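This briefing looks at the pockets of a protein and at a helix that takes part in lining them. Please keep the sequence and the structure in view while reading.

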Amino acid sequence: MPPKPDPAPAPAPPPPSADQQFDALAADYLREFPEHSPVSATALGDHRFDARLNEVDAAAWQTRRAFAEKYLAALDRLDRAALDRARQVDAALLRNQLDYARFRVGELEDWRWDPLIYTTIAGDGL
């Protein structure tokens with residue numbers, strides 16, 4: 001009796017849908033964001049970084065800007081028209097938040113001149 005031929009390999013899974021891609025992006029954002037703003041994370045109910053305050057030196061602000069640019073680039077790679085309506089809204093909200101973060105650090109530079117940023121971090125941290 002001749003040997004049985006090897007079974008055909010299983011077909012490759014279909015590529016992730018736009019909704020799945022956005023869900024993965026959003027999950028990554030929600031996992032990484034608290035590291036850049038522990039005080040905000042605590043206020044939102046994420047207690048992984050409760051023992052920390054936000055870093056406030058110039059390098060930390062530039063890291064926040066790079067973080068925003070990273071996620072803006074990831075959003076640009078998505079076909080937002082292919083997202084379901086709820087995810088289109090979430091993507092627009094996330095884009096606006098990231099655009100604001102980039103503007104705030106890179107253009108407004110309020111971290112250089114607004115002492116309320118620092119008193120808010122201290123107060124909210126308590």
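Which residues lie nearest the centre of the largest pocket? In this predicted model, Phe-33, Ser-37, Ser-40, Arg-64 and Arg-104 lie nearest that centre, and they belong to a lining of 23 residues.

**The largest pocket**

- The largest pocket has a volume of about 530 Å³, and its lining is made up of 14 nonpolar, six polar and three charged residues.
- At least two lining residues come from each of α1 (18-36), α2 (38-43), α3 (58-77), α4 (85-108) and α6 (115-125), with α4 giving the most, namely six residues.

**The second largest pocket**

- The second largest pocket holds about 180 Å³ of space, and the residues that line this pocket are Phe-22, Ala-26, Tyr-29, Leu-30, Asp-90, Leu-93, Leu-94 and Gln-97.
- The elements that supply two or more residues to this lining are α1 and α4.
- Sorted by class, the lining of the second largest pocket has six nonpolar residues, one polar residue and one charged residue.

**Helix α1**

- Helix α1 consists of 19 residues and spans 27 Å from its first C-alpha to its last, which is close to the 27 Å expected at 1.5 Å a residue.
- The buried residues of α1 are Ala-18, Asp-19, Phe-22, Leu-25, Ala-26, Tyr-29, Glu-32, Pro-34 and His-36, and the buried residues of this helix pack against α2, α3 and α4.
- An α-helix has 3.6 residues a turn, so residues three or four places apart point the same way.

Note on methods
Residues are numbered from 1 along each chain as its sequence is written. This is a predicted model: local features need pLDDT of at least 70, side-chain atom pairs count only at pLDDT 80 or more; totals for chains, interfaces and linings use all residues. Side-chain values use heavy atoms; hydrogens and water are left out. On a 1 Å grid over the protein atoms alone, a cavity is a set of points where a 1.4 Å probe fits but cannot get out, and a pocket is an open set with protein on both sides within 12 Å along at least five of seven lines; lining residues have an atom within 4 Å of a point. Grid points are joined across faces, edges and corners, and a volume is the space filled by probe spheres set on the points. Helices (H or I, at least four residues) and strands (E, at least two) are DSSP runs, numbered from the N terminus. Ala, Val, Leu, Ile, Met, Phe, Trp, Tyr, Cys and Pro count as nonpolar, Asp, Glu, Lys and Arg as charged, and the others, Gly among them, as polar. The expected span of a helix is 1.5 Å times one less than its number of residues. Buried means under 20% relative accessible area, exposed over 50%, partly exposed in between (1.4 Å probe, protein chains only). Contact means heavy atoms within 4.5 Å.
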